[in-house]
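Here are some friendly notes to read alongside the model. Take the points in order, and keep the 3D view open as you go.

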Amino acid sequence: MHTVFYLLFQASLHVLVCLLGMVVLCHSQCFFQELVLKDLNNPPKGCVDKDGKQHEFGTEWVRDCMACYCMKEGLSCCNKIPDANMMDLPLDCELLVNRETCSAKLVLKSDKTKECSLV
């Protein structure tokens, strides 16, 4: 009987993690920069990022917590950190952002060592 409850707990935990991942994806800021053809005889071989670095078509990279992908249509980038202003957070919680790991977690305002519950 104990094993059944443990399995249900594990399944519930997996569902919660997936839902939190969806919240992050739904509240991420993205942009698309269309590829501009300046010379039909000399088409671009990739995308140029904001720092002027060339990236080949089909490549992916992360810079400043922005996950980017270069394709023949252009450059697509999404922020890996959700925007707290676009989220409906509980009043006693805040989003704690770690830019070194490009991660965020929901914590209590009164004690940032304790995570918040969305339920």
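1. Let us begin with a word you will need: two residues are in contact when heavy atoms of theirs lie within 4.5 Å. With that in hand, look at H55, which touches K45, G46, C47, D49, W61 and C70, leaving out residues up to four places away in sequence. Please also remember that this is a predicted model.

2. How far can you trust the prediction? The average pLDDT of the protein is 78, and 75% of the residues score at least 70. Among the elements, strand β5 (residues 66-71) has the highest mean pLDDT, 97, while helix α1 (residues 2-26) has the lowest, 37. Over residues 2-26 the pLDDT stays under 50, and the model has 4 contacts beyond four places in sequence for this stretch. Where pLDDT is low, the predicted coordinates should not be read in detail. Do look at the helix, then, but leave its details aside.

3. Now for the overall plan. The protein has 1 helix and 8 strands, and from the N terminus the elements run α-β-β-β-β-β-β-β-β. Of its 119 residues, 20% count as buried. The accessible surface is about 9,300 Å², with 60% of it belonging to carbon and sulfur atoms. Among the contacts with a separation of 6 or more, 30% are between residues 24 or more positions apart.

4. Next, find the open sheet of 4 strands, whose order is β1-β6-β5-β4 with antiparallel pairing. Its edge strands are β1 (30-34) and β4 (60-63), each pairing on one side only. On average, neighbouring strands of this sheet are turned by 20 degrees against each other, direction ignored. As a reminder, strands of a sheet pair through backbone hydrogen bonds, either parallel or antiparallel.

5. β1 pairs with strand β6 (residues 74-79) in the antiparallel sense over 5 bridges, and F31 stands opposite C77 in β6. β4 and β5 also run antiparallel, joined by 4 bridges, with Y69 in β5 as the bridge partner of E60. These two strands, β4 and β5, form a hairpin with 2 residues between them. In its turn, D64 has a positive phi of about 55 degrees.

6. Let us return to H55. Which strand holds H55? The answer is strand β3, residues 54-56. Is H55 buried or exposed? Its relative accessible area is 10%, and buried means under 20%, so H55 is buried. The side chain of H55 also makes a polar contact of 2.9 Å with the side chain of D49. D49 is one of the residues that H55 touches.

7. Finally, turn to G46, another residue on the contact list of H55. G46 sits in strand β2 (residues 46-48). Why does G46 count as buried? Its relative accessibility is 4%, and the limit is 20%, so G46 falls on the buried side. Beyond its neighbours within four places in sequence, G46 is in contact with L35, Q54, H55, E56, F57 and C70. For another view along the chain, compare G46 with E73: they are 27 residues apart in sequence, and their C-alpha atoms are separated by 9.7 Å.

Notes
Residues numbered from 1 in each chain as written. Predicted model: local features only at pLDDT ≥ 70, side-chain atom pairs only at ≥ 80, totals over all residues. Heavy atoms only, no water. Buried < 20%, exposed > 50% of the residue type's maximum accessible area, 1.4 Å probe, protein only. Polar contact = N/O pair within 3.5 Å; in protein donor to acceptor, adjacent residues only side chain to side chain. Areas by Shrake-Rupley, 256 points an atom, 1.4 Å probe, with all protein chains shown as cover. Pairing = 2+ DSSP bridges. Axes fitted to C-alpha atoms, helices over the stretch in contact; angles between N-to-C directions. pLDDT = per-residue confidence, 0-100.
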